[in-house]
Structure formats: C-alpha cells, structure tokens
Amino acid sequence: MTRTRPALPMILAAWTLMAGAAGAQEAPAAKDNITAARHENGRYYTADDVPTFNIAKDGTVDWMTYSGFRRYHSECHVCHGPEGEGSSYAPALKKSAITMDYYDFVEVVTNGRKKVNVAENSVMPAFGQNANVMCYLDDIYTYLKARGADALPRGRPGKKEPKSDAIRDTESDCLGH
Ligand code: HEC
C-alpha cells in the first residue's frame, strides 16, 4: 500500500501536463473565425458555427462565395466599392467580415446604422425588409470573408461547387416562391 502512494501525485502531474498540452493545441482552432470546420449541404461553417468559405486547391469556390460575389455587386458595391475594397463614403467590408462578429454584421445590415453630425453624414441603410439582401446575407458575408482572408482574388470566381438542393430550397422559402 505505502509503496503505491507516491505514484499517485506523479500520475496526476502527468495528466495535468497532458491536459495542458492538449488545451494549448485546441485553443487557436476554437478562436479561428475563418477556417471551415464542417460543412453541410454545400454550406461551410467555422468551429463556432459561423458561415465561412471553402476554396479548393484548384481554385473551386463553394457556392455561397460565388453567389455572394454576385449579390454583393448588385446590392452593396455602389457604396462599399467593388470587391469589398471600400470607398471614400463607406468602409471596406472585406475587412469588416474578418474583424466584426458575424451577428453584429447581420445586425448592421438588418437595422442599418447612422453617423450623422456636423463632421459626418454616414448612413448605412436598413435592409431588413429587402429579400434580395436578407435571403443572401450569408452568401454576401461568406464572399467578403474570403476576400478579407486573401483567399479569393479580385474578379468573378471561375470554378464553383454546384448549388445544393438544400441551398435552393432555403432560397425559394425565403423569397416566398
Ligand atoms: C447607400 C449606401 C450603402 C449601401 C447600398 C450599403 N451600405 Fe453598408 N454602410 C454604408 C455606410 C455609409 C456605412 C458606415 C456607417 C457608419 O458610419 O456607421 C456602412 C456600414 C456597413 C457595415 C458596418 C461596417 C463596419 O466595419 O463597421 C456593414 C457590415 C455593412 N455596411 C454592410 C453592407 C452590406 C452587406 C450591404 C449590401 C447588402 C451594404 N452595406 C450596402 C453605406 C451603404
């Protein structure tokens, strides 16, 4: 009995070390707001279940990124500049998609934001009632994130993944077709 006693603290110490090492390896992955950790029916998500892009080695982009390129350029680029680069009037959204929390991003697009005072007159319109924006918000966000992460060059993406049935169904439900 007495001979086994000193071994227990040793084992505990070893466990603590192992747990510490494992924790240290997992921490960066959990905080990463960019890397796709899982995918579901053509959509990609981070470890925190936030939408993200996926670009294959041969340059094939996921459907959401491709769709987001088109939607961004029809609804947002007049103010925010082509390719999410920003303009003298509105911020570079390719940066915002990386630095802003996803839910804050959604909130600003839904409800808008204003900075109107003597020095500034900066108005982000509310798009909450606009189905052409709200039904494609994850697409737009995903595209901007790919741009901000420098994973996607300027210009229309070439090769793309097919549009999944799930994405098609969600889209027609959202548009009320
Ligand atoms: C009429 C011009 C205009 C259009 C169109 C527009 N925005 Fe904006 N947006 C702005 C301005 C101006 C700001 C800065 C508002 C402020 O200073 O609070 C802004 C801010 C934002 C922000 C906050 C960025 C940050 O870093 O704080 C997000 C996110 C955003 N816009 C998303 C979008 C998306 C997505 C679209 C397209 C669906 C869009 N905007 C279309 C003018 C516009």
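Tutor: A residue is called buried if 20 or more other C-beta atoms lie within 10 Å of its own. By that criterion, 23% of the 177 residues in the chain are buried. Please keep in mind that this is a predicted model.

Student: What makes helix α8 a helix that lies largely in the open?

Tutor: Helix α8 covers residues 165-175, and of these 11 residues the number buried is zero, so the helix lies largely in the open. Gly-176, which follows α8, has a positive phi, near 75°.

Student: Which residues have the most contacts inside the largest nonpolar core, and what makes it a nonpolar core?

Tutor: A nonpolar core is a set of buried residues of the listed nonpolar types, joined through C-beta atoms within 7 Å. The largest such set here has 21 residues, and Tyr-72, Ala-97, Ile-140, Tyr-141, Tyr-143 and Leu-144 have the most contacts inside it. Two or more residues each come from α2 (63-75), α4, α5 and α7 (137-148). In soluble globular proteins, nonpolar side chains tend to be buried together.

Student: With which residues is Ile-140 in contact, its neighbours within four places in sequence left aside?

Tutor: Ile-140 is in contact with Gly-68, Arg-71, Tyr-72 and Cys-76. Over the chain, residues 24 or more positions apart account for 57% of the contacts with a separation of 6 or more.

Student: How do you know that β4 and β5 pair?

Tutor: Pairing requires at least two bridges between the strands. β4 and β5 have four bridges, in the antiparallel sense, and therefore meet the requirement. They form a hairpin with four residues between them, and Lys-114 stands opposite Val-123 in β5.

Student: How do the residues of the shell around the ligand divide into nonpolar, polar and charged?

Tutor: The shell divides into 17 nonpolar, three polar and three charged residues. Altogether 23 residues surround the ligand, the closest being Cys-76, Cys-79, Ser-96, Ser-122 and Met-124. At least two residues of the shell come from each of α3 (77-80), α4 (93-99), α5 (102-111), β4 (113-116) and β5 (121-124).

Conventions: Residues numbered from 1 in each chain as written. Predicted model: local features only at pLDDT ≥ 70, side-chain atom pairs only at ≥ 80, totals over all residues. Near = placed C-beta within 6 Å. Nonpolar A, V, L, I, M, F, W, Y, C, P; charged D, E, K, R; others polar. Buried ≥ 20, exposed ≤ 12 C-beta atoms within 10 Å, placed from the backbone. Contact = placed C-beta atoms within 7 Å.
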